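Here is a short briefing for a reader new to this structure. Look at the chain first, then go through the points by topic.

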Amino acid sequence: MTDRYVCIHAHFYQPPRENPWLEAIEIQDSAYPYHDWNERVTAECYAPNAASRILDGEQKIIDIVNNYSKISFDFGPTLISWIETKIPRLYKAIQAADRETCERFGGHGAAMAQGYNHMILPLAHARDKCTQVIWGIQDFAHRFGRYPEGMWLPEAAVDVQTLETLAAQKIRFTVLAPHAAKQVRAIGTSDWKDISGGQIDPSRAYLANLPSGRSIVLFFFDGPISHAVAFENILMRGEDFAQRLAGGFSDERKWPQLTNIATDGETYGHHRAHGDMALSYALRHIETQNLAQLTVYADFLEKHPPTHEVEIVDNTSWSCVHGIERWRSNCSCNSGRPGWNQEWRAPLREAFDWLRDTLTPKFEQAAGALFADAWRARDQYISVILDRSQDSVGRFLHEQASHELKDCERVQALKLMELQRHLMLMYTSCGWFFDELSGLETVQAIQYSGRAVQLAQALFDGPKIEEEYLNKLALAHSNIAEQGDGRKIYENFVRPAMIGLNEVGAHYGISSLFESYAPQSQTYCYQIHQEDHTMLSAGKSRVSFGRIRITSDITLDSTRVTFGAVHLGDHYVTGGVREFVDGQAYKETAERITKAFEGGDFTDLIRAIDVAFGSGSYSLKLLFRDEQRKILQIILNSALEEAESSYRQLYDSRAPLMRFVAAHGIPLIRHFQVAAEVTLNAELRRAIEAENVNVDLVRALMEEAKAVRVNLDAPTLEFALRRKLETMAEEWGSQPCDLEKVASLEAAVRLARSFPFEVRLWEIQNAYHSVLVSSANGNKPHGAGCDLPEWNQSFRSLGEQLGMRMS
């Protein structure tokens with residue numbers, strides 16, 4: 001229908017999870033079997049929406065589509081930067097979707113910008129509000145190659161001043177909750193109509209004239225349909241979803257109508273399993289049944305400019321019925337934990353505000369001596385965040401500095417900018433959204449404040465501010481008695497995470513006991529130049545010592561240190577680090593350590609390391625979390641191998657008895673059960689991870705596990721098998737005409753389908769679909785193998801095993 005349009009907006013966002021001192025996300029056990037929650041939500045939502053399955057009535061895949069090319073969306077800058085680095089193929093698919101919609105809609109793309117780190121803008125200082133918008137715009141332009149027409153406001157939180165900020169930066173429109181509208185009138189008329197309480201008609205665009213004389217267009221999403229998508233069950237069937245969207249139209253309206261909804265993008269796959277498939281099916285159903293035209297906001301705006309003017313209610317949002325109180329008070333909006341309160345929200349915000357306001361004059365004074373305009377420099381610092389290469393940093397400092405900076409001034413200038421970045425990151429909305437002060441997201445926000453405190457104490461002379469800041473944090477009380485208050489949480493979770501260059505050197509020294517480093521290496525956001533290194537080993541004992549230069553990629557701060565570390569077996573590791581003094585002292589230390597180790601005098605060895613580098617100051621506890629896990633796994637491997645060997649001997653000697661007992665329905669005694677589970681799960685994992693999967697061996701082990709009623713380690717085995725299949729599919733995709741590769745993949749997929757749990761075949765289906773579509777478009781892979789009947793048979797069988805509709 002030419003006068004009916006549908007626009008589905010998805011707001012994709014994850015809170016920044018990076019360790020502020022490493023600029024990387026460390027392992028999060030709650031996301032197992034994934035490394036962290038970004039990775040998990042990507043697997044469940046972001047990636048599936050770039051390759052969503054459309055099924056027929058027999059649940060066969062008839063197409064795989066990029067949902068992003070059919071909807072309106074925004075990605076949080078801190079999330080999409082992670083996707084760019086970790087999942088480049090997905091990043092390119094998102095960019096391609098925006099290009100495709102630009103071509104389809106006369107230059108109007110599907111992507112919208114977003115405030116940089118999801119700060120609640122009505123609660124932000126005016127300067128922060130402006131920087132958040134500028135950074136969001138520049139991040140968007142960097143990624144999508146165009147200036148954004150629209151910007152999503154974090155939590156759809158709005159006031160007039162926020163709209164003024166958007167309009168001043170030439171943002172044409174934003175999208176708000178229906179209860180954000182106060183009154184409307186037809187343009188050119190004088191009488192206002194009260195439509196507060198969500199009564200606004202969401203089927204058209206509205207013009208908001210602002211006090212400054214600027215204006216901005218506002219869309220208001222359909223509240224009931226958006227709520228149904230997010231919290232009801234209409235994503236169970238794509239056709240129901242499509243019909244619900246079509247139900248937003250009314251024959252009584254005599255103007256072109258827009259049914260537009262907005263939800264968290266994570267609804268489509270993470271919050272609602274397979275929600276991406278409901279979305280893709282609904283989009284296709286709307287188009288094929290001619291229920292409406294799919295559009296994006298900017299395209300609709302060009303075709304149907306506002307005919308009505310609107311005024312808003314200040315301080316509203318889409319996820320707090322009290323306005324924006326969820327981010328500053330105990331307003332009763334929470335996740336529903338009985339007996340808990342959120343009285344901590346107000347003192348937490350007050351502590352952050354105090355920290356920001358206390359550091360502002362210090363920043364202005366110090367930055368004023370280096371930059372032509374300190375606040376303009378902060379606005380432009382986004383160019384460095386997006387590209388931390390030497391050229392980019394040099395260009396920024398050249399353009400913004402008031403004079404040619406010395407090396408020490410360059411470091412100070414970058415530290416000042418990083419101070420401001422962390423003073424904004426600490427206001428990320430998730431810090432207040434949930435129920436508990438000691439929750440993961442709130443602790444992350446406090447860590448950002450801790451990094452700001454650390455930078456401030458390094459930058460500014462005078463009284464240290466940390467103690468007074470902690471006194472203010474102490475006014476925020478946890479619901480969990482043992483967590484205490486904000487001060488205790490800071491001491492328990494923030495201070496231990498704080499590191500400097502010496503701690504990076506100690507990490508390097510200890511980890512060098514277990515892995516070798518190139519002369520030039522990277523440890524997170526630190527460059528390590530190895531000037532000298534010695535490794536000595538005897539049996540299970542090792543000692544490592546050397547001299548390195550460490551340079552921060554973020555601030556360019558640099559130092560030379562010497563380190564020494566010793567491993568005497570199992571988890572006994574100790575070492576130390578000290579700033580390099582002179583070559584002679586280092587040489588004497590090296591000689592003493594070497595002599596003690598080679599003479600087997602470990603007492604003198606430990607004493608030499610203590611004297612040279614500090615008394616037992618570092619151990620495995622110091623290691624950054626991922627490296628700690630990796631090294632502990634190395635240490636544990638020998639113990640695990642011994643344990644597995646013992647269990648294997650018990651199982652091998654008693655396997656016939658176990659099978660006999662199981663066959664007669666008698667429960668195995670616990671000792672035999674554990675031996676069988678450990679042995680067979682370990683054998684299965686090794687067989688799956690082998691360079692060439694022995695399908696017959698895996699099947700035999702599966703039959704053995706079934707015979708003795710072993711509980712399979714489903715998460716571990718599924719993850720291992722999936723990764724193996726993905727590797728095989730990638731290798732086949734690069735050589736699709738290789739008969740051996742397609743036959744091996746077909747056999748492995750057939751094997752995976754025989755397991756008593758579901759193995760995710762998503763990547764393998766994508767690889768297959770890519771070859772299938774190329775063939776259908778006349779681009780059949782070239783190669784002798786593709787012309788063989790055996791290849792066609794294996795290819796077709798593989799498609800059937802993957803659930804593809806084969807014609």
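**Briefing on the chain**

Of the 807 residues of the chain, 56% count as buried. The model is predicted. Its secondary structure comes to 28 helices and 19 strands. The radius of gyration is 30 Å, close to the 28 Å that the globule rule gives for 807 residues, so the chain is as compact as a globular protein of that length.

**Overall dimensions and contacts**

- The C-alpha trace spans about 95 × 80 × 60 Å along its principal axes.
- The chain exposes about 34800 Å². Carbon and sulfur atoms supply 49% of that area.
- Take the contacts between residues at least 6 apart in sequence: 69% of them join residues at least 24 apart.

**Disulfide and other cysteines**

- The chain has 1 disulfide. This bond joins Cys737 to Cys786, with an S to S distance of 1.9 Å.
- Cys737 sits in the loop between helix H25 (714-734) and helix H26 (739-753), and Cys786 in the loop between helix H27 (762-776) and helix H28 (789-801), so the pair ties together parts that are 49 residues apart in sequence.
- The torsion about the S-S bond of Cys737 and Cys786 is about -100 degrees, so the disulfide is left-handed.
- Both Cys737 and Cys786 are buried.
- The cut-off for a disulfide is 2.5 Å.
- Cys320 is buried, at 4% relative accessibility.
- Cys130 is partly exposed, with a relative accessible area of 24%.

**Helix H17**

- Helix H17 covers residues 466-473. Its buried residues are Glu466, Tyr469, Leu470 and Leu473.
- Seen down the axis of H17, these buried residues fall within an arc of 100 degrees, so they line one face of the helix.
- What do the buried residues of H17 pack against? They pack against helix H10 (345-368), helix H16 (440-459) and helix H18 (486-494).

**Strand E11 and its partners**

- Strand E11 (residues 215-220) is mostly covered, with 5 of its 6 residues buried.
- E11 pairs with strand E7 (residues 173-176) in the parallel sense, over 4 bridges. Leu176 stands opposite Phe220 in E11.
- E11 also pairs with strand E10 (residues 206-209). These two run antiparallel and are joined by 4 bridges. Ala208 has Ile216 in E11 as its bridge partner.
- E10 and E11 form a hairpin with 5 residues between them. In the turn, Gly213 has a positive phi of about 100 degrees.

**Backbone details in loops**

- The peptide bond from Tyr32 to Pro33 is cis, with omega near 10 degrees. Pro33 is found in the loop between strand E1 (4-12) and helix H1 (37-50).
- His118 is not a glycine, yet has a positive phi of about 60 degrees. His118 lies in the loop between strand E5 (111-114) and helix H4 (126-144).
- Is His118 buried or exposed? His118 is buried, with a relative accessible area of 1%.
- Ser332 is another residue other than glycine with a positive phi, near 85 degrees. Ser332 lies in the loop between strand E14 (308-312) and H10.

Conventions:
Residues are numbered from 1 along each chain as its sequence is written. This is a predicted model: local features need pLDDT of at least 70, side-chain atom pairs count only at pLDDT 80 or more; totals for chains, interfaces and linings use all residues. Side-chain values use heavy atoms; hydrogens and water are left out. Buried means under 20% relative accessible area, exposed over 50%, partly exposed in between (1.4 Å probe, protein chains only). The arc is that of the directions from the helix axis to the C-beta atoms. Contact means heavy atoms within 4.5 Å. Two strands pair if DSSP finds at least two bridges between them. The radius of gyration is taken over C-alpha atoms; the globule rule is 2.2 Å times the number of residues to the power 0.38. Accessible areas come from the Shrake-Rupley method with a 1.4 Å probe; for residues, only the protein chains shown count as cover.
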